[in-house]
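The following note is intended for a colleague who is meeting this structure for the first time. Please read the points with the sequence and the model in view.

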Amino acid sequence: MRGAVGDETGEQGIDAVSLDFRRIHWAPVVNSRGDLGTDLFVQVRDERRFSLGLVVGVQVKAGPSWFDDPALDAGGAVIGWWFYEPDKRHFDEWVEHGLPHLVVLHDLDKQVSYWSHVTAAAVQSTGKGSKILVPITQTIDAEHAHALIEVAATMRVGVALQGTAWAADGVPIGPGSLLRHAMIASRLVAPHPNATVKELTPEQALALIVQGRHFDLNRYVNSKAAPTMEDAARPKSAWRWRLVAAMWQYTTTGDDSELTPLTSLATSAPDRAAGAIVAACTAMDGERFEDAIQLLSEVVEDAEPIDCAWLLAQRARVLSELGHIAQARQDAARAQRSVMHASEDLTAAAIGAAAAQLLFQTSAWSERTVGSVIEASDTAVSWWRGQQMANGLMKAAERHFRRYADDTAVVIGGTDVAQNSLFGVQLGAHLTGEHGTWRSAASLLGQHELMVWQPDQGFERHAAALDDLRRAGDRDQLKLAVVRTWRVGPVAALADAVRRVQNAPWTHTTTGTNLVMWRHGGDLLPPAMATIAADRCIEVLADPASPARIAAPFRVDAYVLQALAGVLPAADDRVHREVAAMLATQPADVGPGEVQDEIACLKALRHEVLTDADVAGLRERSRRLRESHLSADFIGALAVFDEDSRRVLLERIAAGDLGALAALEGDDLPVDAAAQAVRLAAEHTVGIVEQARRHEYRDRSWDPVADLAHWNCRFPEIADWAALVSVLAESAVPGEYKRFAFVRLAADIERVPEDVRAELRSVVSSFAEPPNPFGITLGRPAGGTITYLAMALGTLDVSQYAEAASRLMAGTSQDRQDFIRFVAGGDPLRWAPALLALLGDGDVQVRAVAAHRVAIAALDHDDELLRAAVLRAAADPGALVPMASAAGLCRGSDPHPDLVEAMQRFLSHPSYKVRSAALAALDGWAETATT
């Protein structure tokens, strides 16, 4: 018998389409069991030939007749072809089938197969029958393989998550993916705290660790439901139990020595992937990023599809940290494609979210689609992490409230739920590859540990918490923590944390925080390390291709200059000369922020080691600055040690340059410059009065009222007392604007004319802070300075003096500092008990001011209590109190042995600033002795 032409054409089409699917590694099977409207069932595979567990049905139509009805665009170009069915039966079957279906038109001449996904939305009614458009752009080839996988993935159905908090039996988790679920979606694997478990599986034990529930795991060990960690770690134990033991060791002690070797011992692909993820994450914790890349790369190509995506997302994260953005985006995009088929797998969604977030963060602003990344990140795993984080923050808030309420209840046993919850969020996000969530949780955990730290826990834990903030890349919170630790202590912890930066890599996350560490804690570095840090800053500023510039998500120059200013004091002389040369060559066209950063470095220079050529170069740099006020600031900093610059500054002041006057340090002015200083200060003082009456209060980088008081006292022949008294008497002007004028007037009261003193007595007697119209703090109020001036004017009787002193002692931190400076400082023996009590004040600034005044008094008076207080200040765990105390020991020809002992402690302090203050004090001792 002779075969029909149509049958031969159909068979050729089926064979050709089958071959096209095989070329993209899919596995077609011809449906020979009756005509059910489906010619092929095709098993879906990825580009590495791994089966994705998906099947699509295919209806093939081959031959020229199927291309007789083209669809055209507005310009007449073919955009596809219409495929018709005379009735709706086949289309209904395809749409309602359990498998997604494709209609494929095969061009026998061109050997090209075009496809369309049959969905209810795509099918159009023709009245009697139906039709669907088969686009010319959709072909069966490698270019469209991922689009075809997206179609195949529509066969998946979602899983019900309600009720899984107690038991996740309804969520399908295969044995091969159980370990991945334990590490990413641990809520589905870890037993509920109230559940009874007779025998714990290693996956459940690992999930407990990931959730931060070490206490619960230990409870199961004690009940014999799980082996001890010592038994689990034995070489003969099952591999997954060994992984549990290694994770326990790492999360409780920080020792990761057992994790990396475990990967090579794994015998299955899922175990190798999980082991590589854990080892890579611990390598990232140790900032060994190249090791992490190697660990992930060794197993990625042999991993199952979702595990492969997991490894790729983690590798993308590491590559991004090192500034290899193009490679990172390739891995992230591939990871996204590798999980698009697994909509029912919660871990796949979380991995896809991690990849989407990385692609979003590394894309140009103009290419970012906020909606897509938010949608991709809205996963069940992210909900559960948010729940866990909220629980941790709630427990932290409860703990801090109990402290506020002075709760004295003793808690026996139990765990720090806040810490454990935040740790669990951090670890879970870390293992998933969700870098943003990991950073947030790591920062919160570091902040929590700093707030609850106690001295008996050792400074190492405090240092580790600071390092958590650094590695999390939280510049703002790290700055606050470093500044506080430097001031309050423990300085040993900060010194340890700052030293860790020495060998730390410049990464996307840590470049900024490394520099913050140096900026605010750099004086704690030993000289050799400070010199290396300064050299590194100089290299970054000089090298446009520096790794720090490549990796950092911001312009690094400002941060590097600030860090350089932080480490310069402790660096060697050679670096100071190099920095001077570098500053001298900076461009002329820079903004205010950059100039202020340069000035910070200039002020940190050890100017006595600079050569005449160094200073001349800096002088020339000041002339090149285009903005006059910027050049004035630069010249003002330079004038501290350069007479030529000071002469230029004075000439500019004499010419009426306000910026030069604001930049002036010291009070040695010629008469012509002083006249201009008085005139400019008086004009701005009158302006302050006018603005205050209109309720306008502006930020001030210069205090004209204080300067007017100062120059009036220094140059009475050209003084403008009327302008000064007008602002001091104006009730609308806040005390912030008057504070330092009061201090200067009190210090030089003998130079104030008697008629002006009479007006000042009236000001003092009627002084009151004006109401704040905005409900915000404008600055430091007048506070104790008004008492200081009243004392100088002689307007206080004994009872008023005592009342003012007691009010200041019981007032704000600023009031207590003012009491020390302006009341107790003038009569330290009388107020010695108060000064000693304030050495234990809860505010470190108060303690520092008290320590300074006590040190001065200890030199002037032979008092054992005062000397003991100086020794106590020398033992303070911070740097601010010792520095203030050392600075107070500024003179004394024959100091008491106790003060010599204190000085020795200051000279061995970790902070260069403390040691520098002590050296200056020693110079004062030597000068006093010589005199």
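1. A residue is called buried under 20% relative accessible area, exposed over 50%, and partly exposed in between, with a 1.4 Å probe and protein chains only. Glutamate 627, at 43% relative accessibility, therefore counts as partly exposed. Glutamate 627 is placed in the loop between helix H28 (612–624) and helix H29 (628–638), where helices (H or I, at least four residues) and strands (E, at least two) are DSSP runs numbered from the N terminus. Its C-alpha atom is separated by 37 Å from that of glutamine 361, the two being 266 residues apart along the chain.

2. On the basis of the note: this is a predicted model, in which local features need pLDDT of at least 70 and side-chain atom pairs count only at pLDDT 80 or more, while totals for chains, interfaces and linings use all residues. Residues are numbered from 1 along each chain as its sequence is written, and side-chain values use heavy atoms, with hydrogens and water left out.

3. Strand E3 (residues 51–62) is mostly covered, with 9 of its 12 residues buried. Two strands count as paired if DSSP finds at least two bridges between them. Strand E2 (residues 40–45) pairs with E3 in the antiparallel sense over 5 bridges, and leucine 40 has valine 58 in E3 as its bridge partner. The two strands form a hairpin with 5 residues between them, and arginine 49 in the turn has a positive phi of about 70 degrees. With strand E6 (residues 101–107), E3 pairs in the parallel sense over 6 bridges; here glycine 57 stands opposite histidine 101. Strands of a sheet pair through backbone hydrogen bonds, either parallel or antiparallel.

4. An open sheet is formed by 4 strands in the order E4-E5-E9-E8, with antiparallel pairing. Strand E4 (70–72) and strand E8 (124–125) stand at the edges with a single partner strand each, so one side of each has no neighbour in the sheet. E8 and strand E9 (residues 130–135) are joined over 2 bridges in the antiparallel sense, and serine 130 in E9 is the bridge partner of serine 125. Helix H2 (residues 89–96) lies across strand E5 (78–85) and E9, running at about 105 degrees to E5. For this angle, axes are lines fitted to C-alpha atoms, for helices over the stretch in contact, and angles run from 0 to 180 degrees between N-to-C directions.

5. Which residues does glutamine 138 touch? This residue is found in the loop between E9 and helix H3 (145–152) and, at 23% relative accessibility, counts as partly exposed. Not counting residues up to four places away in sequence, glutamine 138 touches Ser113, Tyr114, Trp115, Ser116 and His144, contact meaning heavy atoms within 4.5 Å. A polar atom of the glutamine 138 side chain lies 2.8 Å from the backbone oxygen of tryptophan 115. The C-alpha atom of glutamine 138 is 79 Å from that of alanine 851, which is 713 residues apart from it along the chain.

6. Aspartate 841 lies in the loop between H40 and H41 and is buried, with a relative accessible area of 12%. Leaving aside neighbours within four places in sequence, aspartate 841 is in contact with Arg816, Val846 and Arg847.

7. Helix H41 (residues 844–860) has 17 residues, and at 1.5 Å a residue these should span 24 Å; the end C-alpha atoms are 24 Å apart, in agreement. The expected span is 1.5 Å times one less than the number of residues. H41 is mostly covered, 12 of its 17 residues being buried, among them Val844, Arg847, Ala851 and Ile856. The buried residues of H41 pack against several helices, including helix H20 (475–488), helix H39 (813–823) and helix H44 (897–907). At the start of H41, a side-chain oxygen of aspartate 843 reaches to within 2.8 Å of the backbone nitrogen of glutamine 845.

8. How many disulfides does the whole structure contain? A search finds 0, a disulfide being a pair of cysteine sulfur atoms within 2.5 Å. Cysteine 537 is in no disulfide, its nearest cysteine sulfur, that of cysteine 601, being 8.4 Å away; this separation is too far for a bond. Cysteine 537 is buried, with a relative accessible area of 1%, and cysteine 601 is buried at 0%.

Conventions. A polar contact is a pair of N or O atoms within 3.5 Å; within protein, one must be able to donate a hydrogen and the other to accept it, and residues adjacent in sequence count only if both atoms are side-chain atoms.
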